[in-house]
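Here is a short briefing on one structure. Look at it first, then read the points by topic.

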Amino acid sequence: MKALLVAGGALGAVLGSGAMTTPAQAQGKTITLCWAAWDPANALVELSKDFTTKTGIGMKFEFVPWTNYADRFLNELNSRGSLCDLLIGDSQWIGGAAENGQYVKLNDFFKKEGISMDDYMPATVVGYAQWPKNTPNYWALPAMGDAVGWTYRKDWFARPDVQKDFKAKYGRDLAVPKTLDELRDIAQFFQGREIDGKKVYGASIYTERGSEGITMGVSNYLYDYGFKYQDPNKPYAMDGFVNSPGAVKGLEAYKELYKCCTPPGASNSYMSEGLDAFKSGQVALQMNFFAFFPGLHKDPNVGGDKIGFFSNPAATTRATQLGGQGISVVSYSKNQGEALQYIKWFAGGDVQKKWWALGGYSCAKSVLNDPSFPDSAPFAKEFLTSMGMVVDFWAEPSYAQLLQAEQKRVHDYVVADKGTAQEALDGLVKDWKAIFKEEGKKF
Amino acid sequence: MNDLSASSRITYGAVPVQAAVVRRIRGLSDKVLAWLFITPTIVLLLAINIFPLVWTIYLSFTNYRANRANAPVKWLGIDWYQTILTDPDIWAAMQVTAHFVFWTVVIETVIGFGLAFLIDKKFRGHGMWTTIILLPMMLSPAVVGNFWTFLYQPQIGLFNYVVGFLTGRSASSFQMLGDVTLSPWAIVIVDAWMWTPYVMLICLAGLRSIPDYIYEAAEVDRASKWRQFWSITLPMALPFIMLAVLFRGIENFKMFDMVNLLTGGGPGSTTEVASITLKRAAFESWRTGYSSAFAIILFVTVFGLANIYVKALNRVKSR
């Protein structure tokens with residue numbers, strides 16, 4: 001799942017909002033692809049030139065900053081607008097878009113064109129394409145794989161004085177954390193430390209209240225401590241899963257990390273605030289989506305040899321929050337034929353390889369399972385690990401309500417110090433039950 | 001003569017139909033003519049004001065969701081109203097709103113009137129000071145929100161630095177936007193900074209409307225400055241002050257942009273004013289029926305309070 005909020009800054013600003021067109025053949029048709037304005041969208045513009053060359057179909061792009069991404073495109077879908085022929089929509093929109101008839105069902109098309117979902121990483125198929133989940137009903141082609149991961153200051157970790165201090169304090173070498181406890185220790189170690197005459201802090205984590213930030217952050221702890229959205233044997237039964245003793249521990253651990261080891265004023269941070277904190281040399285660790293890592297690696301100040309990447313460490317188990325999106329054909333589009341042609345082209349093996357090479361995260365097994373893939377970028381191996389253990393938020397049509405409830409309960413506990421973790425998760429179960437009851441679900 | 005010339009102009013024109021229309025209009029009564037002119041306005045008013053209101057009232061009794069336009073619409077009666085009025089979260093949001101409205105209006109009125117009183121003295125350079133004071137209200141709320149987010153930044157923000165300097169505390173030892181106690185005040189400060197000039201402007205109009213001869217008569221009666229303030233200035237400026245309170249009260253009851261930009265309703269739900277709750281229900285959760293009911297409740301609340309207030313204002317004015 002990816003975000004409502006902010007990529008902003010240098011990444012998004014390159015494209016900004018508004019429409020762009022690639023050179024199209026004057027006589028041919030033009031289709032519009034809608035997505036968020038960020039680095040991978042740049043790569044897609046570059047990639048799509050091949051499509052125009054091959055088919056003569058022009059491409060127009062409507063990219064909206066993350067801040068307005070959901071508002072803009074959900075409004076477009078809900079008002080049955082035909083602006084977008086193709087939409088790279090957030091993973092959690094699938095349920096609503098499918099049930100409300102906003103996306104074209106792609107089963108017959110896939111069958112006709114020989115596109116098999118077996119060719120894509122299972123987690124991305126479930127996360128970005130299926131509704132209902134785990135059923136062979138496809139509403140999108142997995143387009144942009146993503147998950148939450150971590151970056152760290154490799155250069156700081158490598159300093160002998162820092163290494164020495166850390167070993168003296170914790171009795172082990174300072175290295176990439178394997179567990180969430182180790183991660184907290186490292187963050188605590190760096191918190192308030194002076195490096196090159198500058199006061200630095202432990203970690204930048206997601207705490208944003210307004211959209212989905214803190215939920216996307218805390219999930220990486222909840223999952224690792226055993227939180228589950230529902231009873232695997234009894235859908236929508238949440239007691240003892242959402243508020244299990246493990247989940248309570250996970251929530252407490254996240255709060256502990258927030259309280260001990262984040263920079264002052266980090267009470268409303270999400271993707272762009274994390275990027276800012278890391279790029280400005282403020283923090284040793286940063287939680288963020290893999291989609292940003294190519295850009296960070298290229299950063300002249302903190303990129304290159306100075307940055308390292310790792311996937312979400314373990315607690316009692318190991319998992320991470322899914323990001324990313326699938327590409328869908330909008331059912332109100334007047335150019336569905338051309339839009340389907342684009343999907344057919346995009347699914348091609350060579351195109352998927354080029355997509356990854358340009359900075360997009362392919363979900364195709366042909367790319368990800370290639371033996372050379374883990375070494376193809378400094379973050380590739382960690383991305384692969386992450387995609388093997390992702391969990392997504394509810395993709396129910398009522399996901400927004402479910403999300404708002406979690407945002408409130410979790411932020412109240414973690415940032416505003418209201419109540420206990422147990423009370424927060426019990427309250428969340430209550431809220432979610434009420435929402436599902438309103439939806440007519442039985443549990 | 002006018003009639004003749006008008007008539008001939010049209011008769012000689014290329015479209016004789018117009019002349020017939022004019023002849024017909026000339027036969028109409030004043031009342032009919034008045035209706036003729038006012039009808040387009042009424043139609044427009046009905047279309048863009050009354051119809052949406054009536055439609056919202058209708059939707060508030062249903063389970064309609066704008067993102068599920070094809071789903072059957074079920075009549076729920078007053079269910080949403082009951083749900084909303086018994087929801088502790090809604091009451092918490094109303095409390096946050098009331099806190100925000102009360103303190104912003106009090107601060108803006110006191111400082112705004114004080115500034116108007118000073119500016120009214122026509123000292124040297126008062127025109128320049130008036131312009132400087134008015135600058136914040138000329139900015140867009142989006143700009144102000146972002147600007148103050150930086151000012152409140154604990155590590156680099158000027159606000160924390162100044163407070164830290166004055167109190168001897170470390171600038172990064174407190175968070176205006178991340179602390180449950182401070183964040184409501186952080187928003188009050190920004191709103192007061194932005195809108196006090198507006199109140200000042202209205203108060204200044206009130207002060208300038210007081211005729212000089214009243215003060216001259218008071219001087220003749222040897223009334224002290226304090227006595228003049230209490231017996232002349234304040235009572236005569238009061239309707240204007242009350243008007244400013246009314247405007248700011250209504251505006252701040254609906255406040256959304258500033259809160260959304262500064263805190264997004266957080267930390268937790270500390271600054272979640274009613275408009276944020278309403279926006280989330282209407283445009284994020286797409287609970288159209290529910291949010292319509294909530295909007296109606298808010299509308300009735302503002303309308304009711306404003307009406308009571310206007311009655312009081314009229315009483316003051318008639319004195």
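The largest nonpolar core of this predicted model holds 158 residues. Which of them touch the most other members? They are L33(A), W35(A), L285(A), Y342(A) and W432(A).

**Nonpolar cores**

- L285(A) shows what such packing looks like in detail. Leaving aside residues up to four places away in sequence, L285(A) touches W150(A), T151(A), Y152(A), F157(A), L183(A), I186(A), A187(A), G202(A), A203(A), S204(A) and F310(A).

**Confidence in chain A**

- Chain A has a mean pLDDT of 92, and 94% of its residues reach 70 or more.
- Residues 2–18 of chain A have a pLDDT below 50. Beyond near neighbours in sequence, this stretch has 63 contacts in the model.
- Residues 23–27 of chain A also have a pLDDT below 50. Beyond near neighbours in sequence, that stretch has five contacts in the model.
- Where pLDDT is low, predicted coordinates should not be read in detail.

**Salt bridges**

- Side chains of opposite charge can pair when their charged atoms come close.
- How many salt bridges does a search of the whole structure find? Over all chains, the search finds 35.

*K29(A) and E338(A)*

- The side chains of K29(A) and E338(A) form a salt bridge, at 3.9 Å from N to O.
- This pair links distant parts of the chain, 309 residues apart. K29(A) sits in the loop between β1 (18–21) and β2 (30–36) of chain A, while E338(A) sits in helix α14 (residues 336–346) of chain A.
- Is E338(A) buried or exposed? E338(A) counts as buried because its relative accessibility is 17%, and the cut-off for buried is under 20%.
- K29(A) has 41% relative accessibility, so K29(A) counts as partly exposed.

*K279(B) and D71(A)*

- K279(B) and D71(A) meet through their side chains in a salt bridge of 3.7 Å, N to O.
- This pair crosses between chains. K279(B) is in helix α13 (residues 274–284) of chain B, and D71(A) is in helix α3 of chain A.
- D71(A) is partly exposed, at 30% relative accessibility.

*E256(A) and R184(A)*

- The side chains of E256(A) and R184(A) meet in a salt bridge, 3.7 Å from N to O.
- This pair also links distant parts of the chain, 72 residues apart. E256(A) belongs to helix α11 (residues 245–261) of chain A, and R184(A) to helix α9 (residues 180–190) of chain A.
- E256(A) is partly exposed, with 38% relative accessibility. R184(A) is buried, with a relative accessible area of 18%.
- Salt bridges with shared partners join R172(A), D181(A), R184(A), D185(A) and E256(A) into one network.

**A buried glutamate**

- E76(A) lies in helix α3 (residues 66–78) of chain A.
- Why does E76(A) count as buried? The reason is its relative accessibility of 12%, which falls under the 20% cut-off.
- E76(A) touches G81(A), S82(A), L83(A) and C84(A), not counting residues up to four places away in sequence.

**A nonpolar patch on chain B**

- W35(B), I38(B), I42(B), L45(B), L46(B), I50(B) and V54(B) make a nonpolar surface patch of about 630 Å².
- One of these, I38(B), is found in helix α3 (residues 30–59) of chain B.
- I38(B) has 41% relative accessibility and so counts as partly exposed.

How values were computed: Residues numbered from 1 in each chain as written. Chains lettered and ligands numbered in written order. Predicted model: local features only at pLDDT ≥ 70, side-chain atom pairs only at ≥ 80, totals over all residues. Heavy atoms only, no water. Patch = residues over 30% accessible without salt bridge, like charges linked within 9 Å, V, L, I, M, F, W, Y side chains within 5 Å. Areas by Shrake-Rupley, 256 points an atom, 1.4 Å probe, with all protein chains shown as cover. Salt bridge = Lys/Arg side-chain N within 4 Å of Asp/Glu carboxyl O. Helix = DSSP H or I, 4+ residues; strand = E, 2+ residues; numbered from the N terminus. Buried < 20%, exposed > 50% of the residue type's maximum accessible area, 1.4 Å probe, protein only. pLDDT = per-residue confidence, 0-100. Contact = heavy atoms within 4.5 Å. Core = buried A, V, L, I, M, F, W, Y, C linked by side-chain atoms within 4.5 Å.
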